[in-house]
Amino acid sequence: MARTLLTRGTLRPSRPRAATAAAALALTAAVLLPAQGSAADDAKGGRKVLTVAVSQSVDSLSPFLAQRVISTSVHRLMYPYLTDYDPKDGHAIAGLATAWQVSPSKLTWTYTIRGNWRWSDGRPVTARDAAWTFNKMMSDKGAATAAGSFVANFDKVTAPGPATLVIALKRPQATMTALDVPIVPEHMWNKVRDFTTYNNDRHFPVVGAGPFVLSDYKVDRYIKLRPDKSFWRGAPKFDELVFKYYKDNDAAVAALRKGEVSFVSNLTPAQASSLKSAPHIKVNDAPGRRFLALATNPGARSGDGQRFGDGNPALLDVRVRRALFAAVDRRMLVDKVFQGHAVEGQGYIPPRFADYFWTPSAAQKTSYDPAKAAALLDEAGYREGADGRRTGEDGKPLALRLLCHAVDPNDKAIGKYLQEWWGKLGVGLTVDCVDNVTDPWAAGEYDLALDGYSVSPDPDYVLSIHTCAALPANPKVSGRTDDFVCDRRFDELYAEQLAEYDTAKRADLVKRMESRLYDTGYINVMAYPNAVEAYRTDQIASITTMPEAAGNLYGQDGYWSWWSAVPGPAAGAERHGGASAGLVLGIVAGAVVLAGIGSFLLLRRRAGADDRE
């Protein structure tokens with residue numbers, strides 16, 4: 001489930017705007033206090049610490065609210081899921097459930113729950129925990145914030161015994177071996193009163209049952225996890241896993257070179273090129289699970305029919321949307337911005353997922369064609385004047401705004417190309433790359449935006465975020481929606497694919513959904529970026545990619561990378577940080593240098609260069 005912009009990921013019942021004063025003071029204190037020592041300092045005494053540089057802020061540590069890749073990745077490490085995805089090819093394998101069977105009616109699923117699993121506080125993990133998790137999501141809208149689409153079709157969930165879970169459905173549901181829902185301990189979570197505000201970040205260690213236990217967390221500074229030595233698949237081999245925050249990826253790359261961190265993701269082509277010849281560093285450049293899209297504001301609205309936001313009404317005309325897309329040279333973006341570390345965009349699902357990958361026909365495809373773009377704008381009533389600017393029938397110039405991420409250099413580069421291409425058409429474009437894209441996005445206060453999402457082996461979730469059911473209930477709350485899309489035909493196809501158990505027939509329905517989404521012209525997938533990342537081979541001797549043949553390490557559909565990582569000879573050595581770490585947002589190690597104090601936004605997505613899962 002990828003919840004960028006970032007994908008996964010959303011559903012906030014309210015839109016808090018800024019960090020609390022306490023959070024701001026905490027960050028300020030990080031600047032004024034002496035340095036706390038580097039991650040390598042934690043490795044003193046032979047302790048082996050795996051340090052991962054990250055730039056994305058946690059939206060929530062509650063599995064009921066989290067959608068960003070950083071948050072869902074941590075939950076994969078902390079909590080059990082009914083099934084896991086095999087790292088080789090992504091097919092469903094045993095997780096908390098060791099076996100499952102469906103009734104002849106396809107309406108009842110029975111899962112056999114593993115008997116040798118315990119929560120980190122020593123209490124047994126049972127079917128009752130799973131039943132409680134699902135029932136809470138079914139009965140409490142707040143608990144359904146992040147992953148409610150998975151249980152929307154559930155009729156009843158029971159646990160007849162500690163090793164048996166039974167889920168009764170309203171209609172057949174094809175995702176029953178791909179429920180991306182973390183199972184939580186009932187004895188801890190039944191104390192929570194308000195699932196819309198509880199972020200699971202008050203008490204440490206956090207009780208879980210994954211390969212790691214969340215041991216500490218400081219907002220925009222670090223996330224620390226220790227291995228669960230009793231994990232049923234075997235304990236992780238590192239003594240600690242640390243996600244350390246850097247606001248600037250150049251600073252993270254510099255830290256990698258110096259051995260202050262073990263791993264860095266989201267590399268630019270220039271960074272990747274420079275690291276390929278660096279000693280003890282391996283660059284992993286593999287087909288990614290993300291798409292990067294240009295999304296239009298179709299007129300932000302809520303489920304109760306209210307309109308809100310300030311999207312340009314010109315974009316309600318499909319001819320205008322298609323004109324803008326026809327003036328985007330996707331091949332040039334792949335060549336110039338990504339420098340070949342991406343594949344040209346077509347359908348909604350990346351080519352890595354071959355069963356669901358769809359491409360438009362020659363007649364259907366919106367290719368780069370500035371002349372056609374100009375003709376479409378003329379047809380829509382936006383004609384070019386003597387000054388080269390296009391104006392509508394009301395005499396107002398066609399001028400648009402692009403929302404993008406300040407921390408992502410690719411966003412800024414793409415914005416410049418769009419300004420050039422659309423400027424030649426007579427369309428004005430203001431590129432607004434900001435640190436916090438969440439608030440204007442959720443409020444519908446944008447015209448276009450650079451969007452992305454991480455796609456899972458089962459594409460149901462990334463399809464569900466474009467259904468009418470994903471819209472916010474009213475303008476004062478946030479929904480699961482990605483771009484406020486609500487199309488009845490798309491919804492009909494979504495329901496059909498969800499109920500189709502035949503894999504080939506379901507794949508065909510998914511492709512028809514992609515075709516429909518393409519034709520509506522709300523979203524234009526420009527590229528499928530590679531997963532470009534690097535790690536120190538002297539600190540990580542071996543590690544599992546997903547898929548194993550050619551896949552990513554960061555943001556996997558599972559815990560395989562960090563769980564499988566084998567310490568290298570330098571993993572336990574002391575490493576010294578210094579002022580060159582420079583632009584670290586929150587300091588965990590070495591010199592205390594602050595590039596800027598950012599606001600911590602509760603339950604937020606789209607704040608970093610990474611996307612949602």
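**Chatting about the pockets**

User: How much space lies in the second largest pocket?
Analyst: About 690 Å³, in this predicted model. A pocket here is an open set of 1 Å grid points where a 1.4 Å probe fits, with protein on both sides within 12 Å along at least five of seven lines, and its volume is the space filled by probe spheres set on the points.

User: Which residues are closest to its centre?
Analyst: Gly90, His91, Tyr356, Pro457 and Asp458, out of 29 lining residues (those with an atom within 4 Å of a point).

User: Which helix gives the largest share of that lining?
Analyst: Helix H14, residues 503-520, with three residues. Helices are DSSP runs of H or I, at least four residues long.

User: And how much space is in the largest pocket?
Analyst: About 860 Å³. It has 37 lining residues, and Gly148, Ser149, Ala152, Ala469 and Arg480 sit closest to the centre. Helix H3 (127-139) and helix H13 (488-499) each give two or more residues to the lining. H13 gives the most, five.

User: New topic: how many residues does the protein have, and what share is buried?
Analyst: There are 613 residues, and 60% of them are buried, meaning under 20% relative accessible area with a 1.4 Å probe.

User: How many helices and strands are there?
Analyst: 15 helices and 23 strands, a strand being an E run of at least two residues.

Notes
Residues are numbered from 1 along each chain as its sequence is written. This is a predicted model: local features need pLDDT of at least 70, side-chain atom pairs count only at pLDDT 80 or more; totals for chains, interfaces and linings use all residues. Side-chain values use heavy atoms; hydrogens and water are left out. Buried means under 20% relative accessible area, exposed over 50%, partly exposed in between (1.4 Å probe, protein chains only).
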